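Subject: Structure for you to look at

Hello,

Here is the structure I promised to pass on. Please open it and keep it beside this email as you read.

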Amino acid sequence: MSAEEFGVLCDIDVQQTLKEKLDEDFRRYEILGVCNPQLAQQALEAELQLGALLPCNVIVYETEDSRVGVGAVDPAVLLSVVDNPELDQIATAVRDRFDRVLDEHPQA
């Protein structure tokens, strides 16, 4: 992800959390909060309230057949909830970078 200038800001281990909080077993499942600082700054300058939608979440999980699945929401869809055309170009840039990262790690 670093080739596309994304950094991981937070890592939520869902499996561990469900075990600790509910004493329930669950497959390996992590939510990574990722951010490209330059694009985040541009987006926040265009729409200050956008911080409620940041960072972008990427999921990494164990599939039924013990393979690795990877997914992320389409940033253009996510940013479409904010009616601000200034964000369109930023959303496209984030989606293009996500696509390149996810192409390197195809879904199971």
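Is Phe6 buried or exposed? Phe6 is buried, because its relative accessible area is 7%, and buried means under 20%. Keep in mind that this is a predicted model.

Now look at the partner of Phe6. Phe6 and Phe98 form a tilted aromatic pair. Their ring centres are 4.9 Å apart, with 40° between the planes. Phe98 also counts as buried, at 4% relative accessibility. Phe6 sits in the segment before strand E1 (7-13), and Phe98 sits in helix H4 (residues 88-104), so the pair ties together parts that are 92 residues apart in sequence.

The count of aromatic pairs comes to three. Ring pairs also link Phe26, Tyr29 and Tyr61 into a cluster.

Tyr61 leads us to the strands. Tyr61 stands opposite Gly69 in E4. Strand E3 (residues 56-62) and strand E4 (residues 68-72) run antiparallel, joined by five bridges. Their hairpin has five residues between the strands, and Ser66 there takes a positive phi near 65°.

Next, the whole chain. The protein chain has four helices and four strands. Along the sequence they follow the pattern β-α-β-α-β-β-α-α. Of its 108 residues, 28% count as buried. Among contacts with a separation of 6 or more, 61% come from residues 24 or more positions apart. The chain exposes about 7200 Å², and carbon and sulfur atoms supply 50% of that.

Last, the charges. There are 8 positive and 22 negative ones, and their mean positions are 6 Å apart.

Best wishes

Conventions
Residues are numbered from 1 along each chain as its sequence is written. This is a predicted model: local features need pLDDT of at least 70, side-chain atom pairs count only at pLDDT 80 or more; totals for chains, interfaces and linings use all residues. Side-chain values use heavy atoms; hydrogens and water are left out. Rings of Phe, Tyr and Trp (its six-membered ring) pair if their centres lie within 6.5 Å; planes under 30 degrees apart count as stacked, over 60 as edge-to-face and the rest as tilted. Helices (H or I, at least four residues) and strands (E, at least two) are DSSP runs, numbered from the N terminus. Buried means under 20% relative accessible area, exposed over 50%, partly exposed in between (1.4 Å probe, protein chains only). Two strands pair if DSSP finds at least two bridges between them. Contact means heavy atoms within 4.5 Å. Accessible areas come from the Shrake-Rupley method with a 1.4 Å probe; for residues, only the protein chains shown count as cover. Lys and Arg count as positive and Asp and Glu as negative; His and the chain ends are not counted. The place of a charge is taken as NZ of Lys, CZ of Arg, CG of Asp or CD of Glu.
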